[in-house]
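Biologist: I am new to this structure and would like a close look at a single part of it. Please take the charged side chains that pair with one another, and go through them slowly.

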Amino acid sequence: MALRVLCIDDDHRLFELLAAYLGDNGVSLEHAADGRSGLAALENKVYDAVLLDIMMPEMDGIEVCRRLREKSRVPVIMLTAKGDETDRVVGLELGADDYVPKPFSPRELLARLRAVLRRSAPAATEAPFTIGEISVDLGARDVRLAGTRVDLTGLEFDILAALIRRSGRVVPRETLLEEAGRGDVTVNDRTVDVHVSHLRRKLGDDPRAPRLIKTIRGVGYVLARER
């Protein structure tokens with residue numbers, strides 16, 4: 001069965017180019033020419049992923065992503081103009097799973113799309129992780145603190161998952177970049193540090209004296225063992 005992907009972009013030529021290439025590679029691409037029609041389409045149909053342009057009239061991609069994440073965890077790839085690093089960072093903060101700077105090749109986009117879908121696919125064989133009042137179901141991408149769901153961005157979750165799979169061991173920043181990175185300089189050492197800080201706050205870990213995610217200066221981070 002072909003993957004169903006929604007492209008929210010006011011560039012009709014780009015959509016036609018992508019639809020032809022992705023269609024030959026098992027992806028059925030549907031089009032919404034603006035943010036409002038894109039959100040309406042997402043209310044009425046189920047998609048495997050969303051390609052979302054940032055620069056659109058009336059409602060830009062940042063606002064679309066914000067509204068989308070209030071209701072859905074569908075994987076989102078932002079399409080950004082080259083050099084708009086601030087917009088890319090904001091997009092990731094809001095929960096976008098990746099971004100591709102324009103201009104890009106359809107082949108690169110397909111590779112990014114497949115990578116995002118692999119990351120978001122359930123990992124049924126991985127047992128839930130529990131430490132204190134925190135429980136993490138990697139397969140369902142579900143995190144709870146004292147039974148209450150914790151909302152994490154895609155990048156925050158992937159960093160947490162990389163730490164969980166090596167709990168009790170020091171994980172270098174380079175490993176976190178490799179497993180949770182989004183393929184560009186925007187996701188760098190400083191970005192990892194910022195997202196770990198966000199993780200600590202959301203998981204109730206004291207940033208001044210963390211007990212859950214500890215910093216190993218000059219190397220990376222270590223997550224307390226499961227208990």
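Modeller: Asp-97 and Arg-69 form a salt bridge, with their closest N and O atoms 3.0 Å apart. Asp-97 sits in the loop between helix 4 (85–94) and strand 5 (98–102), while Arg-69 belongs to helix 3, so this pair ties together parts that are 28 residues apart in sequence. Please keep in mind that the model is predicted. Asp-97 has a relative accessibility of 8% and therefore counts as buried, the limit being under 20%. Arg-69, at 12%, counts as buried too.

The next pair involves strand 5 itself. The side chains of Arg-112 and Asp-98 meet in a salt bridge, at 3.3 Å from N to O. Arg-112 lies in helix 5 (residues 106–120) and Asp-98 in strand 5, so here the parts tied together are 14 residues apart in sequence. Arg-112 and Asp-98 are both buried.

Arg-67 pairs with Glu-63, and the closest N and O atoms are 2.8 Å apart. Both residues lie in helix 3 (residues 61–69), four residues apart, which is about one turn of the helix. Arg-67 has a relative accessibility of 33% and counts as partly exposed. Glu-63, at 23%, is also classed as partly exposed. The pairs described here are among the 17 salt bridges that the structure holds.

The structure holds zero disulfides. The sulfur of Cys-7 is 15 Å from the closest cysteine sulfur, that of Cys-65, which is too far for a bond.

Note on methods: Residues are numbered from 1 along each chain as its sequence is written. This is a predicted model: local features need pLDDT of at least 70, side-chain atom pairs count only at pLDDT 80 or more; totals for chains, interfaces and linings use all residues. Side-chain values use heavy atoms; hydrogens and water are left out. A disulfide is a pair of cysteine sulfur atoms within 2.5 Å. A salt bridge is a side-chain nitrogen of Lys or Arg within 4 Å of a carboxyl oxygen of Asp or Glu. Helices (H or I, at least four residues) and strands (E, at least two) are DSSP runs, numbered from the N terminus. Buried means under 20% relative accessible area, exposed over 50%, partly exposed in between (1.4 Å probe, protein chains only).
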